[in-house]
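I opened my notebook to look through this structure piece by piece. I start with a helix, then move on to domains, chain contacts and sheets.

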Amino acid sequence: MNKSSRKVMSFTGGIHPVSAGKKLTNTQAVHTAPLLERYTVLVQENAGKAPEVIVKPGDKVLKYQLLAQASGFVSANLHSPTSGEVAGIVEVPGPMGVPALAIDIRADGEDRETDPFEPIPDWRSTDPKVLLDRVSDAGLVGMGGASFPTRVKLSIPPGKKVDTLILNGAECEPYLSADHRLMLESPCRVLEGAAIIGHILGIDKIYIGIEINKHDAIAELERFSEDYGIKIVPLQVQYPQGSEKQLIHAIVNRIVPPGGLPADVGCVVQNVGTAAALSDAVTLGIPLVERIVTVSGKVLKDPGNWKLRIGTPVIKAIEFCGGVTDEPSKLILGGPMMGFAQNSYEVPVAKNTSGVLLFSRRRALNYRSGSCIRCGRCVQGCPMGLCTCLLATAIEGGRIDLAEQNHVMDCLECGSCAYVCPAHRPLVQTLRLAKAEIRRQRAAAKAKAEK
Amino acid sequence: MKYLELTVGAVLVYNFVLSRFLGICPFLGVSKRVSTAMGMSGAVVFVMTLASAITAAIYRYLLHFSLGGVSYDLGFLQVLLFILVIAALVQIIETVLQKLSPSLYQALGIYLPLITTNCAVLGVATLNAKANYSVLDATIFGCFSGIGFALAILLFSSLREKLELATPPKAFEGTPIALVTAGILAMAFCGFAGLC
Amino acid sequence: MSLFTNKKENGGIRLPDAKNLVLSSSPHLSSSADESRIMIYVIISLLPAAAAGIWFFGAPALRVILYSLVFCILAEAVWCFIAGKPVWRTISDCSAAVTGLLLALNLPPGVPFYVPLIGAILAIWLGKQIYGGLGNNPFNPVLVGRVGLLIALPALMTTWTPARGMEDASYPQHHAFGLTDPSKPVTKATPQKAEGELVTCATPLGVASTAVAKPGKYRFRKIDNPKMWKQYFIGRQGGCIGETCAPALLLGGILLVLFNLINWRVPLYFAGTVGVLTAIIHYFAPQVTPTPIFHLLTGGLLLGAIFMATDMVTSPISGTGCVIFAIGCGVITTVIRIWGNYPEGVSFSILFMNALVPLIDRWFVKRPFGYTRRKEV
Amino acid sequence: MSNLVIAALVMGVLALVLGTAIGIFVKFFKVKSDPRVELVLELLPGANCGGCGCAGCADFAKAVASGRLKPNGCPVSSQEQVNAIAFALGVDPGEGFARRAVVCCSGDKFQTQMRKFYNGAIDCAAASMIGGGPKGCRYGCIGMGNCAHACPFGAIEVINSLAVVHQELCVGCGKCVAACPRGIIKLVPADSTAHVYCSSPEKGAVKRSLCHGGCIGCGKCERAFPDSFTKTGFLASVKYDAAKLPGAEEIQTIKCPTGALATEVDHYAGEKAVREGEKK
C-alpha cells in the first residue's frame, strides 16, 4: 500500500505542539547506561497500595531479585536493578514533589543475576492464566503514564467483553522519543508482546497506533507485523493522540462513555513499552528493572535516549548526557505536557518515567494569573470538548458546583488548554484543583450516606 | 398591527425596567441568580396580567358608570382601589406559592410581598387607565409589560451571574457594578426607540 | 533571590541549586500565542480602515484618531494608577490602544476633541476597567463609548463631513446628501458655507430614513442604484471615520481570519442576515427600505460585523453560540434600521446581543466527548 | 346619591369580595409553618456562614425550633443573642463556649525559607498540590489566602505570606478551617490568648533549618507550666481544656526561644511590624 495515500486517523480537538523538541533525540540510538554505585528504588509508584518491602537493611541482593511484594490489587512487585547490598529504606525526593520511601541499593559492581523466572518461549501453547501470573510476578506496570499494574488492566471485569487490543505507540508528547526508538530498534519485542497480550485476552484484533511523524518506526514494524497478524495504524500528528479515549476513537471509532473505561467499549489499551517489557518477562523470564528514558532539552549538551535502570537518580541521567550548556530553570519528569516539575536532582527514575527534561527559562511556560480574554482557543483545543475557560473562571470565582455541572470531571489534564492559552493562565492546575475538591466532596457525601 | 405595537412597545421600546425605570427594586433585588429571577418574573407576569385585567375592568365599569341616567366619575378612587386589588392579588399568590413551590417562595423572600407596592404593577394599572385601554388591550399590555420585565431581569441576572466571577475593584463590587451594568443595558434598549 | 545563585558543582556540570528550579503544574510548554500579540494583530488589521478613513476625511480624521488613541491609553493609565494596578503592564497589553483606534473609527470625522475624550472615559472606565479590566467586561467597551456618546451628544455624533470626492459637483446625487451644487446659485435653502466652517453632509442611511416619508414607489431610486453602489463601495459616502471604505474593512477582515483571531462565520452571518432580511422586505415592500446591497455597503455594518461583533471578550465561546449571536445582531440591526428612530442600529444591536452572551454561553455549550444527545447527565 | 356614598359603597363591596377571596385561598392553600422559625431567624445574625453545620441561618433556625439543635450552636451569635433565642423559644441555651480561629504557623516569608520557585495559580490548595507550595515547610501556612477568601467576616489577613486572624473580627464559624488545605487553622476557646504558632510534627533540627519561627520542641513551656502546656514529639501545644489558660504573664516567664509560643497580640504586632519595616 502506498503510504502517502493511506488514510490517517485522528480525533476532534487537540493541538499541534511545536515539533522541534522531538528532533533533539529521535535520531539518537538508545545507549545503555553504565552501572552506578547507588540506586534508590521507589517503593510506591502508583496511586494504589504500596508493595510490602521484603528486604532488610544489610541484605545482599542479586539483580532481578524481588525487593517488594505486591500487596493488594493495585500494587506491583519491585525487583532489584543490580546486585549489591540494601543500605536502608530511605526517604528520597519523590516525583510528586513530596518525599517518598525508597529502597537504597549500593551496587557491588558485579551485577550478578538470579534467574527468577523460567522463560516461556512457546507461550502460544501456554495457559493464559500462567502468563497473567507472570505479568504480575515480573512487576509490570503501564509504562506510559500512571504506572497502573498491567495485571489489573489485563483482568477484564466480569460481564465485559473485549475484542480489540490497541497498542499505544502514538507518543504524542513533544520531546519524548523513547517509544519511537524502542519500536524502531526492537520491533519484534513490541510485536511479540502485543501478540502475548492478545493471547492472554483471547483477542486476535490487534492494532498499533503510531503517529506518522515516526514513519521509520511504522515501516520497521510493518516489516514484521504480518507474521503476528497485527495491524499498524498511522495516526495524525496531534496532541493528545496517545490518550486512551482519543486513541480508541481514532483507531476503531468507538466512543468511551464519560467516566468509563476502554473495556466498556471492548478495548484494551497498552503502551508499546509495556508490551516490550512483557515480551521480555515471558520469553526471557526477566522482570522489569530498566526502561528507555528520553533525556532531553536544549540546555543539555548531548540529549539522547538512555536505557536506565529503575532507581537511577536523574542527576546521573543528566551527567550521562554530558551536563548542561546553559542554566536550566525547570526539571521535568515525564513529557512536557503532562510531566511533573521537580525541585530535586535526586529524584529516581521509576517504571513510568518516559522522559527527563531540562528546560531553560525561555523555553518553559511561564504562568500568569491574568484574566481570561475568552478567545476560545482552549475550547477548540480540548480533546474532550470542554469549555475550559468558562470552567476555570467559575472555579476561580468559587463556583465549583458550576464547574461540576459542566463536566469538569471529564478533563484529561492533557494540558492542551494551557498550551494554547494566550493569557498563560494555569488552566490545568485550576481544573485539577476543582477535580480534587469534587472528589473530596463526593467521598464525604458517600461516607455520610453510608453512615 | 395595533397588537404588534402594543406588544413590541411593551417589551422593547417602553420596557418597564430599562426605559420607564419602574420595578427597579425586584430588578436589583432578585437578579443574583437566573433561576430565582425567572421565578420572580413569572410571578410578576402573572400579577401584572391579572392586575391589568381586573383594574381595567374596575376602571371601566366601576369607576365610570351611569346609574339612572346620572353618570358617576369615581376617578379619585383610582389609586386607592388599584392598590387594594393588587394587594389582595399578591396575598393570594403568596399563599398559593407557599403551598405549591416552597423553594421559589423561599427564594423570593421579601420581594413577593414587595410586588404589592411595586411601582411596575401599579404603573401598568395606571398606564392602562391613562390610555383608556379596553379590558382585552389592557390585559395584553399588562402581560407583555410583564414579559418585558422578565426579559430585562433575565438578561440582567445572567450578566450578574457572570459578573460574580469577574474581579472588579473592591469599591465597585456588588451593587455598584450591577447598577452600571443596568445603565449600559438601558443604553442598549435606547436603540429600540421609535419602533412603534 | 536570583535564579542563578548557589550553583552546584556536581561532576563538573553547572546546574542551579535544585531549590531554585521552578515548580509549576503541567503543561510546561506553551504556544507562541500571547495576549499583547493578539492585540497588535488586531491593530494591524484595523490599519487599512484607519488609513482609508484618513484618506477620505483628511486631517480632521487623523486628529480624531490620535485624540482617541491618546485619551484611551491615558484613561487606562489613570485608572490603573488610582486603582493601584500595574500601569505599564496593563497598557502594554495594547488593549487600550485597540479600544482607542476602534472608538476613533466609530466617530464622525471632525468632532471636537472632547468627544473622543468623553468616549474614551466611557469606554475604558465604564466599559472595561470598572468590571476588572480586560476579559471581565460583558459589553464591548468601544460600543459603550459610542452608544453613550450617541445618546448624550446626538447632534455632534450625527454631524458628518463629506468624504474626499463627494464635494465635487461630479459626485452623483450631490444634492441628495445635502451638499451644495456649485453650478446652481446659492439659495436660502442651501447656504454656501463660510471659509473654514465645516461642510456637512448626510449619510446614505440618513437620507434613506428621510426618504421613507416621500411619496412614490421608487423613493430610494436616487440613492440606491448601481452607480451609487460603486461610490459607496470605494468609500465615497458620509459616515464614521472607519466605516465607509468597504475594501479596507474587508482586507482587515481577511487579515483577522488569517491571524486566526476571529470566527469568519460571525461577520458572514451578521451581514448575511441583514442582507437576507432586507432583501425579503425590499421585495415585498420596496417603499419601506432600499435594496440589500445598499444596506450592506452603507452605515457601520461591515465595521461592526468584522471588528466589533467578533470581539473575543464579549462574544460567545462556542461556534454555535457565535452564529446565534451574529444572526441576532443582524435581525436587530435590520429592525432598527427600518423601523427605529435611529437610522443606524449596528452598535445598539451588538450591545444588546452582548447582554445575551452569558445566556448563549449557558444554553449552547459544546457537547463534551462521549456524551450523546439523549443521555445528558 | 352623592359620589361619596357611591365611593364608600364601591370600596366596601370590593373589600368584602377580596377579603372573602383571600380567606378562601388561605383555607385551601394553607401551609403549616412554625412561626417560631421566623422568630429565630430574626434573631440570628443572618451571615449564612454555615459555621453551625447547617446550610445557612434558615436551616439552623428550623433545627433550633424543632429542638434538634441548641441555640448556642450558632458560633457567631454572642451570648446575649443566644440567650434571647433561648428565651424566645423557652428552651435551654445550651452549655458551651465561643470559639476563635487561630492560624497555627509563624512562618512568614522572612521566618521560613522561601525554598521553591512556584509558578501557577494563586491558591493554597492548588499550590499545595505542586510540590508543597512556595515555602520550605510542608506543614506551614502557604500564604495565598484561601482562608481569607473563605472568611465571611473579613477577619483573616495575609501579611508577609502568612495568614493572621484578627481576633476582634473572628466569630469562630470555622469556614477557614475547612478552606485550609494544610489543616493548620484551629478553633480555640475565645478567651484563650496564647497559642503555639507552629503545626509541623517534624524533628526540631529539620524545622530549625526550614523556619526560624517553628516550635523546636525544647519543652521549656511544659516544664514551666505543666498544667497549661503539653508536648507531643517536637511540637508543644496549649492545653485549651485546662482550668486556667496561659496568658501574657506566663508567656513572659517562659520566653519561648523561637517565639512560636506567643500571645495573639504579640504575634499580630510582630507580623505588622515586619510589614511596616519592609515598607520603609
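**Entry 1: a helix in chain C.** I looked up helix H6 of chain C, residues 141–152. This is a predicted model, so I keep that in mind throughout. H6(C) has 12 residues. From first C-alpha to last, H6(C) reaches 16 Å, close to the 16 Å expected at 1.5 Å a residue.

I then asked how many residues of H6(C) are buried. I found that 10 of the 12 are, so H6(C) is largely enclosed by the rest of the structure. I noted the buried residues as C:Pro141, C:Val142, C:Leu143, C:Val144, C:Gly145, C:Arg146, C:Val147, C:Gly148, C:Leu149 and C:Leu150.

What do these buried residues pack against? I found helix H9 (175–190) of chain B among the partners. From chain C, the partners are helices H4 (95–105), H5 (114–126), H7 (154–157), H13 (301–308) and H15 (346–363).

**Entry 2: the domains of chain C.** Chain C is divided into domain 1 (35–157) and domain 2 (175–186 + 196–363). I read 21 Å between their centres, taken over C-alpha atoms. The contact takes 35 residues from domain 1 of chain C and 28 residues from domain 2 of chain C.

I checked which elements give two or more residues to the domain 1 side. They are helix H1 (35–57), helix H2 (59–83), H4 and H6 of chain C. H1(C) has the largest share of that side, 14 residues. By class, the domain 1 side divides into 27 nonpolar, seven polar and one charged.

**Entry 3: contacts between chains.** I turned to chains A and C. Here 62 residues of chain A are in contact with 44 residues of chain C. Several elements of chain A give two or more residues to this side, including helix H9 (314–320), strand E16 (340–342) and helix H14 (427–450). E15(A) gives the most, with five residues. I counted the classes on the chain A side as 39 nonpolar, 15 polar and eight charged residues.

Next came chains B and D. The contact takes 14 residues from chain B and 14 residues from chain D. Helix H4 (residues 78–100) of chain B supplies the largest share of the chain B side, 10 residues. That side divides into 10 nonpolar, three polar and one charged.

**Entry 4: a sheet in chain A.** I traced six strands in an open sheet, in the order E1-E14-E13-E17-E15-E16 (chain A), with mixed pairing. Which strands are at the edges? They are E1 (30–32) and E16 of chain A, and each pairs on one side only. Neighbouring strands of this sheet are turned by 30° against each other on average, direction ignored.

Three bridges join E1(A) to E14 (residues 304–309) of chain A, and the two run parallel. A:Thr32 has A:Lys307 as its bridge partner in E14(A). I also saw helix H4 (residues 178–185) of chain A lying across E1, E13, E14 and E17 of chain A. H4 of chain A runs at about 125° to E13(A).

**Entry 5: a covered strand.** Is strand E9 (residues 164–169) of chain A mostly covered or exposed? It is mostly covered, with six of its six residues buried. A:Thr164, A:Ile166 and A:Asn168 point one way from E9(A), and A:Leu165, A:Leu167 and A:Gly169 the other way.

I followed its pairing last. Six bridges join E9(A) to E10 (residues 205–211) of chain A, running parallel. In E10(A), A:Gly209 is the bridge partner of A:Asn168. Five bridges join E9(A) to E12 (residues 267–271) of chain A, also parallel. There, A:Val268 in E12(A) partners A:Leu165.

How values were computed. Residues are numbered from 1 along each chain as its sequence is written. Chains are lettered from A and ligands numbered from 1 in the order in which they are written. This is a predicted model: local features need pLDDT of at least 70, side-chain atom pairs count only at pLDDT 80 or more; totals for chains, interfaces and linings use all residues. Two residues are in contact if their C-beta atoms, placed from the backbone, lie within 7 Å. Helices (H or I, at least four residues) and strands (E, at least two) are DSSP runs, numbered from the N terminus. Ala, Val, Leu, Ile, Met, Phe, Trp, Tyr, Cys and Pro count as nonpolar, Asp, Glu, Lys and Arg as charged, and the others, Gly among them, as polar. The expected span of a helix is 1.5 Å times one less than its number of residues. A residue is buried if 20 or more other C-beta atoms lie within 10 Å of its own, exposed if 12 or fewer, and partly exposed in between; C-beta atoms are placed from the backbone. Domain bounds come from an automatic or database domain assignment. Two strands pair if DSSP finds at least two bridges between them. Axes are lines fitted to C-alpha atoms, for helices over the stretch in contact, and angles run from 0 to 180 degrees between N-to-C directions.
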